[in-house]
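Trainee: I would like to go through this model one question at a time. Please show it first.

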Amino acid sequence: MRWISSLHAEWTKLRTLPSTWWLLAATVALTAAVGAAAASSLTTQVCPTPAACHEDTVKLSLTGVQLSQSVCLVLGVLSMGAEYSTGTIRTTLTAMPGRWWVLASKAATLSLLTATAGALAVLSALGLARLILPAPTDGATLRAAGGSVLILVLVTLLGLSLATLLRDTGGAITLGLGVLYVIPILSRLVNSPTWQHRLQRWTPMPAALSIQATKNLERLAIAPWPGLGVLAAYAVGLLVVGGAAFRLRDA
């Protein structure tokens, strides 16, 4: 009963925040629009059929995930950061003293909402791209689509864990954006091929985005599912650390 009450409370808080629905709508719109724009950079003359096309059209169609992941990060941060900034976290913990239950309920509610919006976003992106270019429908495409939804869910949990650790919305968003965008840029600028390979293999986003590849898998720094596992390890690990800090510190 405690778990259900906690879930209901977190669902009520999330659904009554206008920013929640705006951010979820932005996730769908950005993923679909950027994916369609990326697909339109090719023509059927260059890619008459999936087999004859040298480009990975599925990965190209899912380019928008690289932008909409920032929206999901903000969603995760605001779910906890807004409570600290307004002081309502004290009310939450007075009503629900079990802090692990509170954090687990936030994570479950956020995951469900993000997975729903992410599935709609990915299907929209692939559907629009299919109107522009021929695209395969096979196991690799399903893996890329499902993996992209999981990326958005895990990035949302990453935002929640950073906000729980830092208790500051601005700091959590800044650090999260650095993880999402600055580290991948640095991994491409490093001169050493050895360190470039290590950074692409063990940092969250370069590794996770390997799940979107459907061609030339042998050239990837890390295989698709292990790559997604790297992001999952960062998100879940930080969530556990954040939960421990949430449990021990004063509100």
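Trainee: Which residues in α4 meet which residues in α6?

Mentor: This is a predicted model, where local features need pLDDT of at least 70, side-chain atom pairs count only at pLDDT 80 or more, and totals for chains, interfaces and linings use all residues. Residues are numbered from 1 along each chain as its sequence is written, and side-chain values use heavy atoms, without hydrogens and water. Contact means heavy atoms within 4.5 Å. On the α4 side are Cys72, Leu75, Gly76, Ser79, Met80 and Glu83, and they meet Leu103, Lys106, Leu110 and Thr114 in α6.

Trainee: How many residues of each class are in the contact of α4 with α6?

Mentor: Ala, Val, Leu, Ile, Met, Phe, Trp, Tyr, Cys and Pro count as nonpolar, Asp, Glu, Lys and Arg as charged, and the others, Gly among them, as polar. The contact of α4 with α6 has five nonpolar, three polar and two charged residues.

Trainee: At what angle do helix α4 and helix α6 pack?

Mentor: Helices are DSSP runs (H or I, at least four residues), numbered from the N terminus. Axes are lines fitted to C-alpha atoms over the stretch in contact, and angles run from 0 to 180 degrees between N-to-C directions. For α4 (residues 65-86) and α6 (residues 99-132), the axes are 11 Å apart and the angle is about 150 degrees.

Trainee: Why is α4 roughly antiparallel to α6?

Mentor: Angles under 35 degrees count as roughly parallel, over 145 as roughly antiparallel, 65 to 115 as roughly perpendicular and the rest as oblique. The packing angle is about 150 degrees, so α4 is roughly antiparallel to α6.

Methods: Helices (H or I, at least four residues) and strands (E, at least two) are DSSP runs, numbered from the N terminus.
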